[in-house]
Amino acid sequence: MSQVFSIHNKPPLLQKLLQWLLYGNYFYGICAVALSAEAALQQNYPLNNWFYYLAIMAGTMAFYTIAYISEQTAAVNNPRSNWYRQHRQQIKLHQLLALLLVLSFVVYVLIKYGTAIATISLKDFFLWLIFPAVGSLYYGFNGSLGGKNTLRQIGWLKPFVIGFCWAGVVTIYPVLFYTITHHLNFTPEPVLLRLFIKNLMFIAVLCIMFDIKDYAVDHNQQVKTFVVQKGLRYTIFSIIIPLCLLGLGSFLLLAWQLHFPLLRIVLNTIPFICLLVVAFLLQQRRSIFFYLLVIDGLMLVKAICGCLGMWLTQ
């Protein structure tokens, strides 16, 4: 199994493509776009224009690249850090292009929809700012990346901070942007809060899983993640699996209350089943490729299942 998910046994060209896709954070960007589309459809909103999703992808890539591009030395046992060191100049160029794309999108929105933006409520303005603000605190508010004053140093809080930011960007932003571009009032429906919590918890569970990979580093740096504090088996069987079952139960309750079609229920149950399967697989040591493609890939599985559930049961 470990050989199947190793990047080193692939043909050289495929290795390079996978490294850029996964290490370069393009896959995170794809997942952000897919989850944004899923959340919009599940709230019965049309999809936004292509420029919006391109900006979401570029912004996600840029955010996740910050931590690695700032490192001056490569970690001996971290292939992703080594890859960043070897491709530092190319990564900096990609980062610059991603930031320019996001900036051009902001300018485009301000020019085309400036009048609508000027009339948004204080509540809407707060929603636009809260998620990037929390995201910036995740990296540090003392001006130095990786410093002591960062939210990610609080190990037990880290998964929920990441889940909060992701849930806001993929659940709330698509609706906020659509209402601005179509001159509508943003009126949150009850389903928005439910989807926000669902996405927050789903991604938080993935983050707890991902912390297993960084156990040794977090232990040495005294970052008190769940796996550092409680150990591997306790984290899997007493935290990850119960959270998966809680998420599945809450979805089934929602589906019963809103009378979802059977096919939609089945499709949206698949990601939770996959979470449980992957949780059991984490009892054995896995490569970084497994974490980046399989664990993070569950975001893409969730988005695909959610979109299919809406499209096939309209």
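Predicted model: local features only at pLDDT ≥ 70, side-chain atom pairs only at ≥ 80, totals over all residues.
1. Helix α7 contains 24 residues, and its first and last C-alpha atoms lie 33 Å apart, close to the 34 Å expected at 1.5 Å a residue. Even so, α7 bends by about 40° at Ile172, with a proline, Pro174, following within four residues.

2. Next, turn to the second largest pocket, with a volume of about 1,100 Å³. Its lining has 37 residues, and Val102, Trp128, Pro132, Val169 and Tyr173 are the closest to its centre. Helices α3 (50-69), α5 (88-118), α6 (122-139) and α7 (158-181) each contribute at least two lining residues. The lining of this pocket comprises 33 nonpolar residues, four polar ones and no charged ones.

3. There are also two cavities of 30 Å³ or more. The largest cavity has a volume of about 60 Å³. Both α3 and α5 give two or more residues to its lining, and α5 has the largest share, with four. Among the lining residues are Trp20, Met61, Tyr84 and His94. By class, this lining has seven nonpolar, four polar and no charged residues.

4. The second largest cavity has a volume of about 40 Å³. Residues around it include Gln43, Tyr45, Val175 and Glu189. Here the lining divides into six nonpolar, two polar and one charged.

Note on methods. Residues numbered from 1 in each chain as written. Heavy atoms only, no water. 1 Å grid on protein atoms, 1.4 Å probe; cavity = no way out; pocket = protein on both sides within 12 Å on 5 of 7 lines; lining within 4 Å. Points joined across faces, edges and corners; volume = space filled by probe spheres on them. Nonpolar A, V, L, I, M, F, W, Y, C, P; charged D, E, K, R; others polar. Expected span 1.5 Å × (residues − 1). Bend = angle between axes of the 7 residues up to and from the residue.
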